[in-house]
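Here are my notes on this model, as numbered points. Have a look at the chain below and then read along.

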Amino acid sequence: MSDQAPELLLAHNLKALKLPTCLREHHKLARQCAAEGVDHIRFLARLVEMEMIDRERRMVERRIKAARFPAVKSLDSFDFAVIPRLNKMQVLEM
C-alpha cells in the first residue's frame with residue numbers, strides 16, 4: 001500500500017460522509033495537535049467541534065438567505081440611544 005493510499009481513502013470517506021470542514025482542516029489541526037502533544041481523542045474532538053461550528057454557521061446563513069430579508073442586520077449595529085428606556089444589557093442577554 002502506498003503512502004498516499006490512506007490519505008486518498010480518508011479524503012474519499014470524508015467527502016462521502018459530507019464532512020467538508022474535516023476534509024479541509026484535518027491536516028492543519030493534526031500538525032497543531034502533534035506539536036502540542038495532544039492525544040488522538042482530543043484531536044478528533046477538536047476536529048468534530050470545528051465541523052459542528054461550521055455547520056451551524058452555514059445553517060444560519062442558509063436560513064437568512066431563505067428568509068429574503070431586505071437587509072441583514074444585527075444587534076451590533078442597533079442604536080440603543082434611539083430608545084433610551086430599552087435595557088441594552090437585558091436585550092443583549094436574551
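1. Let's begin with R68, which is exposed at a relative accessible area of 74% (exposed means over 50%, buried under 20%, and partly exposed in between, with a 1.4 Å probe and protein chains only). R68 sits in the loop between α3 and α4 (88-93). Its phi is positive, about 55°, although R68 is not a glycine. R68 also follows α3. Helices here are DSSP runs of H or I with at least four residues, strands are runs of E with at least two, and both are numbered from the N terminus.

2. Some ground rules before going further. This is a predicted model, where local features need pLDDT of at least 70 and side-chain atom pairs count only at pLDDT 80 or more, while totals for chains, interfaces and linings use all residues. Residues are numbered from 1 along each chain as its sequence is written, and side-chain values use heavy atoms, with hydrogens and water left out.

3. K18 is the other residue I'd flag for its backbone. K18 comes after α1 and belongs to the loop between α1 and α2. Its phi is positive too, at about 60°, and K18 is not a glycine either. K18 counts as exposed because its relative accessibility is 62%.

4. Now the overall layout. The protein chain has four helices and zero strands, in the order α-α-α-α from the N terminus. Its radius of gyration is 21 Å, well over the 12 Å that the globule rule gives for 94 residues, so the chain is more spread out than a compact globule. The radius is taken over C-alpha atoms, and the rule is 2.2 Å times the number of residues to the power 0.38. Along the principal axes, the C-alpha atoms fill a box of roughly 70 × 35 × 15 Å.

5. How much of the chain is buried? Of the 94 residues, 15% count as buried. The chain exposes about 8300 Å², and carbon and sulfur atoms supply 60% of that (Shrake-Rupley areas with a 1.4 Å probe; for residues, only the protein chains shown count as cover). Among contacts between residues at least 6 apart in sequence, 34% join residues at least 24 apart, a contact being heavy atoms within 4.5 Å.

6. Two helices can be checked for length. The expected span is 1.5 Å times one less than the number of residues. Helix α1 (residues 5-16) has 12 residues and should span 16 Å, which agrees with the 16 Å between its end C-alpha atoms. Helix α3 (residues 40-67), with 28 residues, reaches 41 Å from first C-alpha to last, close to the expected 40 Å.

7. Which residues of α3 are buried? They are F43, L47, E51 and D54, and what covers them includes α2 (20-36). An α-helix has 3.6 residues a turn, so residues three or four places apart point the same way.

8. The largest nonpolar core has six residues: L14, C22, L29, C33, F43 and L47. Such a core is a set of buried Ala, Val, Leu, Ile, Met, Phe, Trp, Tyr and Cys residues joined through side-chain atoms within 4.5 Å. Both α2 and α3 supply at least two residues each to this core, and α2 gives the most, with three. Not counting residues up to four places away in sequence, L14 touches L19, C22, L23 and H26.

9. Leaving aside neighbours within four places in sequence, E25 is in contact with L47 and M50. L47 is itself on the list of buried residues of α3 and in the largest nonpolar core.

10. Finally, the annotation. UniProt lists residues 13-92 as "domain: IstB-like ATP-binding", in an unreviewed entry. UniProt positions follow the numbering used here, feature names are shortened, and annotations may be inferred rather than shown by experiment. In the model, the span is 68% helix and 0% strand, and its end C-alpha atoms lie 41 Å apart.
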